[in-house]
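Colleague: I have a model open and want to learn how to read it. Where do we begin?

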Amino acid sequence: MNRAIKKVAIIGSGVMGSRIACHFAGIGVEVLLLDIVPKELTPAETAKGITTDKKSFRNRIVNDALQATLKSKPSAVYTKEVAKNVTTGNIEDNLQLIADCDWVIEAVIERLDIKQQIFTQIEKYRKPGTLITTNTSGIPIHMMSEGRSEDFQQHFCGTHFFNPPRYLRLLEIIPAPKTKPEVIDFLMEYGDRHLGKTTVLCKDTPAFIANRVGVFGFMAVFHAMQQLGMNVDEIDSLTGTILGRPKSATFRTGDVVGLDTLVHVAKALPQNVPNDEAKDIFKMPPFLDKMVENKWLGDKTGQGFYKKVKGEGGKSEILTLNLQTMEYGPKQKTKFPTIEAAKPVDDLAQRLKVLYAGQDKAGEFYRLFHQMLFAYASNRVPEIADELYKIDDALKAGFGWEIGAFESWDVLGVEQVLAQMDAAGINAAAWVNEMLASGAKSFYKTENGKRKYYDLKTKSYQPITGTDSFILLEHLDEKVVWKNSACKLYDIGDGVVALRWSTKMNSIGGEVLEGINKSIAIAEQQYKGLVIANGGANFSAGANVGLIFMFAAEQEYDELDMAVRQFQAATMRMRYSSIPVVMAPHGLTLGGGCEMCLHADAVQAAAESYIGLVELGVGLIPGGGGTKEMVVRASDRNLKEDIELNYLQQLFINIGTAKVATSAHEAFEMAIMQKGRDGISINPDRRIADAKRKVLMLHEQGYTQPVHRTDIKVQGKSGLGPLMAGIHGMWMGKYISDYDKFIAEKLAYVMCGGDLSAPTLVSEQYLLDLEREAFLSLCGQRKTLERLQSILQSGKPLRN
């Protein structure tokens with residue numbers, strides 16, 4: 001049957017239930033969110049005369065939970081407007097409303113008896129054929145379906161979302177004994193395409209896949225730390241972004257998740273899997289037991305491994321727990337030669353090799369941790385997953401790892417590391433030796449652009465299921481049609497090419513601009529169109545700040561002028577090519593990366609794209625056509641003059657405050673993306689294939705090279721006056737500094753087309769010249785140089 005999800009019911013509005021509800025609402029699905037009725041009135045309700053029969057009382061728990069979720073940071077929703085898709089209620093009064101729902105998700109407390117009570121009530125109202133799933137993180141799925149009707153059991157399974165569901169992409173699908181195969185197939189597809197998830201089909205084993213191996217990872221870190229005599233600050237400096245893990249690393253992540261949750265899973269695993277060869281690793285270290293006893297559970301109780309206190313002068317200070325004395329003290333600075341050697345290495349695979357080979361205590365830690373991880377992961381195949389790639393997918397999507405366990409082992413060399421493990425008495429699964437003996441030397445390989453994994457059943461390499469719809473440029477090296485030291489241009493089939501570059505933070509310099517121009521020229525001669533997309537965590541942090549700083553500091557203004565002209569020429573080449581150019585951004589897409597999106601024929605962005613013109617933050621204005629393009633978009637609104645001016649002012653404020661869209665959805669509100677032209681890929685793995693389809697659609701529609709614009713309406717003095725007045729008011733109120741005022745006035749001058757006496761029609765080149773002149777004049781300012789230097793020293797992308 002064709003199944004459509006128009007309305008979803010979430011039973012339970014706790015941390016997970018309310019966030020799952022918001023995620024469904026964010027993709028446009030109508031949501032019914034229910035929870036229990038409060039036991040008694042609060043003093044505040046009594047004072048207001050509210051009685052227990054009032055809706056405000058009976059829905060208090062669910063309403064409070066939803067409001068808390070909508071206020072949470074990072075935001076649980078793409079935009080605040082999606083809250084209108086959520087209807088709240090309570091289980092006693094409103095459960096009958098699930099009869100109109102296509103999917104019912106249970107997300108109540110992790111107690112089997114309570115879940116079974118909820119399912120009994122659900123069966124009274126659920127219409128036959130409706131999907132019914134549980135968000136349990138570890139209760140056996142088969143135990144929950146026992147005693148239910150045949151139709152219930154056929155449409156029941158586990159759907160384990162990870163918190164926060166908007167950002168952690170894993171959705172584990174766990175069939176029950178009688179679940180229909182077509183139900184599982186539907187959920188795997190729906191989770192991928194509509195919810196943007198990495199859907200992983202799991203066996204009904206304790207903790208499923210991600211928590212089974214991921215929690216072992218936590219415990220292995222604790223074990224290695226104790227064995228090597230290391231501390232909390234040292235471990236978190238080794239297990240964060242340097243290793244391709246979230247910046248919260250190990251102990252900060254523990255505080256965020258909650259130590260009670262971590263301890264609950266870690267204690268349950270040895271009980272539920274008594275034959276686990278690593279059960280000794282799951283034994284609670286004394287410090288964890290003590291922390292739970294003290295209720296030092298992390299953020300939820302105000303202290304865990306870290307504690308925020310007010311220091312001298314009322315300034316906040318983060319203290320770290322000493323696990324030997326169980327006392328808090330100032331954070332300790334850490335320095336390891338291995339880390340210093342690895343920091344300059346941008347490529348994670350190459351950096352991992354440096355870390356693993358380190359000859360100090362950090363290197364010892366990396367070797368011990370990885371060897372324990374590799375042994376444990378290999379011994380879980382086929383116990384928890386028949387296919388090894390599922391473990392990697394689960395760790396990456398559920399825990400935010402950039403590289404999985406088996407992928408890491410491949411990078412470090414399977415045979416070499418296995419020999420080290422044997423020498424250390426750390427035993428991998430027997431099938432790894434069998435794989436090597438068969439002549440297969442890695443867990444993954446790429447053939448004809450398709451990534452394959454070593455399959456234990458067939459003892460051969462097989463394609464990874466479900467990836468046919470993805471285009472992964474990093475696996476298409478045999479399809480490269482042109483390259484330079486920074487860029488590669490790939491033939492992605494059907495007459496479309498795709499450009500990708502790899503630089504530090506995917507910043508944009510001369511070689512990237514060369515790549516853009518060359519790619520367009522090649523596409524115009526031989527192809528139907530061009531996609532521009534990057535790999536890594538982010539699309540681009542913007543223009544090469546180091547190059548700008550060098551030219552400005554050495555007062556090489558002719559070189560700087562040439563560099564800005566080249567950037568403007570490249571973005572205009574994108575706008576005025578004879579083939580469609582579609583951008584496929586993801587993650588941070590800042591400054592110059594945003595300017596490229598503004599000049600493409602279309603943008604197909606990942607939902608988690610954070611796009612914005614941030615140049616004001618370093619004392620500059622957008623100089624690659626970004627300022628000009630926002631003026632064009634204000635002009636194209638074709639509104640009455642007073643409304644038109646208000647719109648220009650809003651765009652001016654966006655640039656002036658270096659505002660960054662918190663999602664691709666918000667980028668539409670900021671006029672960075674445009675309705676009817678641009679699109680969103682909820683699953684970032686699909687964005688390049690979606691962008692390719694957009695290129696082909698534009699080609700089939702008879703794409704014609706646009707005509708250069710000479711009809712852009714600028715406001716001149718009539719717009720400049722109100723903007724200058726607003727800037728002066730901000731300065732008088734001490735909201736901006738003298739220098740911020742100076743930059744804002746430069747921006748206002750450009751966005752109004754100069755001090756023309758009346759609104760006038762001008763060309764794009766006229767605005768580009770104004771933009772470039774303002775950019776160059778700001779580069780010569782001492783404060784701009786100081787800001788540029790600060791960004792370079794931080795090594796971080798600029799954000800508002």
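Modeller: Begin with contacts. Two residues are in contact when heavy atoms lie within 4.5 Å. One caution: this is a predicted model.

Colleague: Which residues is W431 in contact with, leaving aside its neighbours within four places in sequence?

Modeller: W431 is in contact with S378, V381, L388, F406, F443, Y454 and L456.

Colleague: What is the general idea behind a nonpolar core?

Modeller: In soluble globular proteins, nonpolar side chains tend to be buried together. Here, the largest nonpolar core has 122 residues. F305, W409 and W431 have the most contacts inside it. Helix α10, residues 210-228, gives this core its largest share, twelve residues. A second, separate core has 84 residues, with L530, M583, L613 and F775 among them.

Colleague: Where does W482 lie?

Modeller: W482 is in strand β15, residues 480-483. W482 counts as buried because its relative accessibility is 15%. Not counting residues up to four places away in sequence, W482 touches C487, K488, L489, E514, G515, K518 and I522. Take K518 from that list.

Colleague: Now helix packing. How do I read a crossing angle?

Modeller: Angles of 65 to 115 degrees count as roughly perpendicular. Take helix α17 (residues 361-379) and helix α20 (residues 414-424). Their axes come within 10 Å and cross at roughly 95°. The two helices are therefore roughly perpendicular to each other. Q371, F374 and A375 of α17 meet V417, Q420, M421 and A424 of α20. By class, that contact has five nonpolar, two polar and no charged residues.

Colleague: What is the angle between α26 and α32?

Modeller: Helix α26 (residues 626-635) and helix α32 (residues 764-779) pack at about 135°, with their axes 8 Å apart. They are therefore oblique to each other. The crossing of α26 and α32 is right-handed. From α26, G626, T627, K628, E629 and V631 meet E764, L767, L768 and E771 in α32. The residues of this contact divide into three nonpolar, two polar and four charged.

Colleague: Is the crossing of α13 and α14 left-handed or right-handed?

Modeller: The crossing is left-handed. The axes of helix α13 (residues 259-272) and helix α14 (residues 286-293) come within 10 Å and cross at roughly 130°. That makes α13 oblique to α14. L259, V263 and K267 of α13 make the contact with L288, D289, M291 and V292 of α14. Five of these residues are nonpolar, none polar and two charged.

Colleague: Last topic, the backbone. What should I look for?

Modeller: Most residues other than glycine have a negative phi, and most peptide bonds are trans. Now the cases that depart from this. The peptide bond from N163 to P164 is cis, with omega near 0°. P164 is in the loop between β6 (156-161) and β7 (170-175). The bond from V381 to P382 is also cis, with omega near 10°. P382 is in the loop between α17 and α18 (388-399).

Colleague: What is the phi of A249?

Modeller: A249 has a positive phi of about 55°, although A249 is not a glycine. A249 lies in the loop between α11 (232-238) and α12 (251-257). A249 is buried, at a relative accessible area of 9%.

Colleague: Is D494 buried or exposed?

Modeller: D494 is exposed, with a relative accessible area of 53%. Its phi is positive, near 60°. D494 is found in the loop between β16 (487-491) and β17 (496-501).

Conventions: Residues are numbered from 1 along each chain as its sequence is written. This is a predicted model: local features need pLDDT of at least 70, side-chain atom pairs count only at pLDDT 80 or more; totals for chains, interfaces and linings use all residues. Side-chain values use heavy atoms; hydrogens and water are left out. Axes are lines fitted to C-alpha atoms, for helices over the stretch in contact, and angles run from 0 to 180 degrees between N-to-C directions. Helices (H or I, at least four residues) and strands (E, at least two) are DSSP runs, numbered from the N terminus. Angles under 35 degrees count as roughly parallel, over 145 as roughly antiparallel, 65 to 115 as roughly perpendicular and the rest as oblique. A crossing is left-handed if the near helix is turned anticlockwise from the far one by less than a right angle, and right-handed if clockwise. Ala, Val, Leu, Ile, Met, Phe, Trp, Tyr, Cys and Pro count as nonpolar, Asp, Glu, Lys and Arg as charged, and the others, Gly among them, as polar. A nonpolar core is a set of buried Ala, Val, Leu, Ile, Met, Phe, Trp, Tyr and Cys residues joined through side-chain atoms within 4.5 Å. Buried means under 20% relative accessible area, exposed over 50%, partly exposed in between (1.4 Å probe, protein chains only).
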